[in-house]
Amino acid sequence: MANLIYAKPSDNVTSAATIAAQTGSVISGYPAANLANLDPSNPAKLTSVSGVGAWTFDFGSARSIDLVAIIGHTLNKTGSGAIAKLEGNATNSWGAPTFSQSFVVPVFSLIEDGYSANIWLDFSGISPRSFRWWRLYLDNNLGSGDIIVGEFVMIATKRSLTSNFESGAIEQDDRIDIEHETSGGVVRLYDRGVRMRRASYTL
């Protein structure tokens with residue numbers, strides 16, 4: 001089993017690029033720059049062209065990328081077989097880009113914090129992967145509709161722990177109670193309604 005992959009905040013280079021809508025129309029108030037604002041609750045949105053939306057990332061010179069992730073998206077919301085690709089090229093031309101890798105897009109499902117499951121792609125073993133221009137291409141396979149992405153993370157350096165670890169999680173059935181005793185000695189219990197969650201890690 002491969003060791004845990006991680007990245008430093010400085011490894012995320014998305015904000016270093018000039019980001020622009022390449023396919024689709026920007027929806028007012030949700031510009032392309034929101035892909036790099038580190039706030040998935042304030043996304044970038046496009047009105048698609050027949051279900052397709054795309055953004056380009058111009059780094060000014062060749063930039064090597066190891067990992068990317070799409071955070072807080074609405075792809076595959078109807079289980080229709082959405083398509084997501086990352087492409088790279090020396091120029092802003094996308095008929096036959098030098099680099100093209102596809103994401104696996106699971107059927108859309110919201111998790112507890114209200115966002116979709118994040119999808120990511122590790123192509124650190126592929127060469128070449130250093131280009132001035134990169135493109136995020138998305139097709140919801142619906143023929144229409146908006147394309148929404150909360151954050152797009154582009155990691156320049158893939159890192160991993162030298163020693164791996166096992167992780168686990170426990171969610172208790174019991175919920176936290178708050179006990180309050182009045183000045184008259186009456187005890188009241190208040191259910192906060194939140195389950196205790198614990199994470200465990202073993203190196």
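How many salt bridges does a search of the whole structure find? The search finds 6 salt bridges in this structure, which is a predicted model.

**Salt bridge Arg159–Asp11**
- A salt bridge with an N to O distance of 2.6 Å joins the side chains of Arg159 and Asp11.
- Arg159 belongs to strand 12 (residues 159-160), whereas Asp11 sits in the loop between strand 1 (5-6) and strand 2 (18-23), so the contact ties together parts that are 148 residues apart in sequence.
- Arg159 counts as partly exposed because its relative accessibility is 24%.
- Asp11 has a relative accessibility of 5% and therefore counts as buried.

**Salt bridge Arg132–Asp58**
- The side chains of Arg132 and Asp58 form a salt bridge at 2.7 Å, N to O.
- Because Arg132 lies in strand 10 (residues 130-139) and Asp58 in strand 5 (residues 52-64), this pair ties together parts that are 74 residues apart in sequence.
- Arg132 is partly exposed, at a relative accessible area of 33%, while Asp58 is buried, at 14%.

**Salt bridge Lys158–Asp122**
- Lys158 and Asp122 meet through their side chains in a salt bridge of 2.9 Å, N to O.
- Distant parts of the chain are linked by this pair: Lys158 is in the loop between strand 11 (146-155) and strand 12, and Asp122 is in strand 9 (residues 119-122), 36 residues apart.
- Lys158 is partly exposed, with 32% relative accessible area, and Asp122 is partly exposed, with 31%.

**Nonpolar cores**
- In soluble globular proteins, nonpolar side chains tend to be buried together.
- The largest nonpolar core of this model comprises 33 residues.
- Trp55, Phe57, Phe103, Trp134 and Phe152 are the residues with the most contacts inside this core.
- Two or more residues of the core come from each of strand 4 (44-47), strand 5, strand 6 (67-73), strand 7 (83-89), strand 9, strand 10 and strand 11.

Note on methods: Residues numbered from 1 in each chain as written. Predicted model: local features only at pLDDT ≥ 70, side-chain atom pairs only at ≥ 80, totals over all residues. Heavy atoms only, no water. Salt bridge = Lys/Arg side-chain N within 4 Å of Asp/Glu carboxyl O. Helix = DSSP H or I, 4+ residues; strand = E, 2+ residues; numbered from the N terminus. Buried < 20%, exposed > 50% of the residue type's maximum accessible area, 1.4 Å probe, protein only. Core = buried A, V, L, I, M, F, W, Y, C linked by side-chain atoms within 4.5 Å.
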